[in-house]
Amino acid sequence: MHVNAFGLFDLNITPMRWNQRYVFESYLRSSLWVVPFFAIPLALIAVRMLHRLDIWLGWSLLGLDTAGAKTLLEAFVSATLAFVVFTFGSLLVAIQVASAQLTPRIIATILLRNDVVKYTVALLIFTLMFALAAQNRLDEGPYQLLVLTATLLGIISFAAFFYLIDYASRLLRPISVLSSVGNNGITVIENVYPRLSSDPVTENGFLKPATPDRIIRHRGPSGIVLAVNIGRLLALAENSDCVIEFAPQVGDFVATGDPLFDLFGGVRSIDEEPLLTSVAFGSERTMDQDPTFAFRIVVDIALRALSPAINDPTTAVLAIDQLHRMLRTVGERDLRTDQILNKSGKLRVIFRTPNWEDFIHLAFSEIRACGSNNLQIVRRLRAMIENLVPTLPDHRHAALVQELSLLDREITRNFTYPEELALARIGDTQGLGGHSAQVRADKVSRTFPQ
């Protein structure tokens, strides 16, 4: 803002760039205060409108005098205020406990983005402000409709508060958190890899010149790549008749001055600013365009459950259940998204995404290293491999068979008694205790001979 030649202020409001808008929208989605905050003006507007309607109708619905109406409203104010204080205090404690026992990465990705929590707190705030504002209207004419609405809101708030306590206690259980992460992970996988698996020969394969014609470096503060506007990159490459390669991957940390784009072809006319504003950075990974982040969260929960401090292998088995379903989804998708072509089939953008081996290493390596001495873990990992091999395309089998070989070597190293060794080599989807484990072992013995 500056003073122009006429002595007036010019408001030079520049439109929000794509990366700024993405970060802003991501912040709104992960902020608990935004929805309850907007409930405050809505409550004040609702009181004014209902008071005018009250005057126009002239009803005497409840038959309350001013003193009785004031007492009732004060009771709702006290109750909803206590609900709000208790809710936020309990949520803070519960979030800290859940993040300590599971992983801190669930706070922003799962808990703070939960709509039930947001809108329940917003209802409590709306009821509180409605009752406070309604008290000021008691001496300004009819108020029966206001009191009736406040009474209904108060009753609903009581029910919502009790529901929130029950919901939050269920939400923070390991199985609920893991299921939520798994569902979000599958959604992201289907968005990033929209097509089903097809030709394995050209998957993730592309040719490019050894040296880029131009390198564009990151000029902003260091951060993690949250998302990329691929449509804009495709349009810029098409207009400049060049190939744009996004050097890092979504989820990578990029320091100031690191290469961000490698350009190939007629690139001198392309402007840096649209390219730089096509990338959103932040301090923490999100799932929006990062299919491996859901795996990372689930693996972290499993590793913490397997740590000597917690020693909860059953929770680790629940985590492997979610890795199982996400790996199946990945294995069924076409992972050839490195090459992005224009409508005529010409390569325009190179945008790297994780391949099948990346997902396999992330899902198995750390859990196998930390849990190979636990019967539940090795049996559940084996059951996952034995289930995925016959259900996924043939070109997915090699990495799974390799993981089975590594698992067998770890089992041989950790279990010396023949009875335990034989038990560890039986796949069990429950980890330990599945009654059909031996039946499944007999069925897969022909596929995986010892």
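Predicted model: local features only at pLDDT ≥ 70, side-chain atom pairs only at ≥ 80, totals over all residues.

Student: Where is L28 found, then?
Tutor: L28 is found in helix α1.

Student: Is L28 buried, exposed or partly exposed?
Tutor: The relative accessible area of L28 is 31%. Buried means under 20% and exposed means over 50%, with partly exposed in between, so L28 is partly exposed.

Student: Which residues make the nonpolar surface patch?
Tutor: M16, F24, Y27, L28, W33, F37 and F38 make a nonpolar surface patch of about 730 Å². At least two of the patch residues come from each of α1 (18-29) and α2 (34-57).

Student: Which helix gives the most to the nonpolar patch?
Tutor: That is α1, with three residues.

Student: Let me step back. How many helices and strands are in the protein chain?
Tutor: The protein chain has 16 helices and ten strands. It consists of 450 residues, and 47% of them count as buried. The accessible surface of the chain comes to about 22200 Å², and carbon and sulfur atoms account for 60% of that area.

Student: What share of the contacts joins residues at least 24 apart?
Tutor: Taking contacts between residues at least 6 apart in sequence, 81% join residues at least 24 apart.

Student: New topic: aromatic rings. How many aromatic pairs are there?
Tutor: The count comes to 13 aromatic pairs. One of them involves F86 and F161, whose ring centres are 5.7 Å apart and whose planes stand at 65°. Planes over 60 degrees apart count as edge-to-face, so this pair is edge-to-face.

Student: Where do F86 and F161 lie in the chain?
Tutor: F86 is in helix α3 (residues 66-101) and F161 is in helix α6 (residues 144-171). The two are 75 residues apart, and the pair links distant parts of the chain.

Student: What about F295 and F359: how are their rings arranged?
Tutor: Their centres are 5.1 Å apart and their planes are at 55°, so the pair is tilted. F295 lies in helix α10 (residues 291-306) and F359 in helix α12 (residues 356-371), so the pair ties together parts of the chain 64 residues apart in sequence. F295 is buried, with a relative accessible area of 0%, and F359 is buried, with a relative accessible area of 0%.

Student: Which residues form the aromatic cluster?
Tutor: One aromatic cluster is formed by F83, F86, F158, F161 and F162.

Student: Now the strands, please. How many residues of strand β5 are buried?
Tutor: Five of the five residues of β5 (residues 242-246) are buried, so the strand is largely enclosed by the rest of the structure.

Student: Which residues are on which side of β5?
Tutor: C242, I244 and F246 are on one side, and V243 and E245 are on the other.

Student: Which way do β5 and strand β7 run, parallel or antiparallel?
Tutor: β5 and β7 (residues 259-265) run antiparallel and are joined by five bridges. The bridge partner of E245 in β7 is D262.

Student: What is the strand order in the open sheet of three strands?
Tutor: The order is β6-β4-β8, with antiparallel pairing. β6 (253-254) and β8 (279-282) stand at the edges with a single partner strand each, so one side of each has no neighbour in the sheet. Four bridges pair strand β4 (residues 223-228) with β8, and I224 stands opposite G282 in β8.

Key
Residues numbered from 1 in each chain as written. Heavy atoms only, no water. Phe/Tyr/Trp six-rings, centres within 6.5 Å; stacked < 30°, edge-to-face > 60°. Buried < 20%, exposed > 50% of the residue type's maximum accessible area, 1.4 Å probe, protein only. Patch = residues over 30% accessible without salt bridge, like charges linked within 9 Å, V, L, I, M, F, W, Y side chains within 5 Å. Areas by Shrake-Rupley, 256 points an atom, 1.4 Å probe, with all protein chains shown as cover. Salt bridge = Lys/Arg side-chain N within 4 Å of Asp/Glu carboxyl O. Contact = heavy atoms within 4.5 Å. Pairing = 2+ DSSP bridges.
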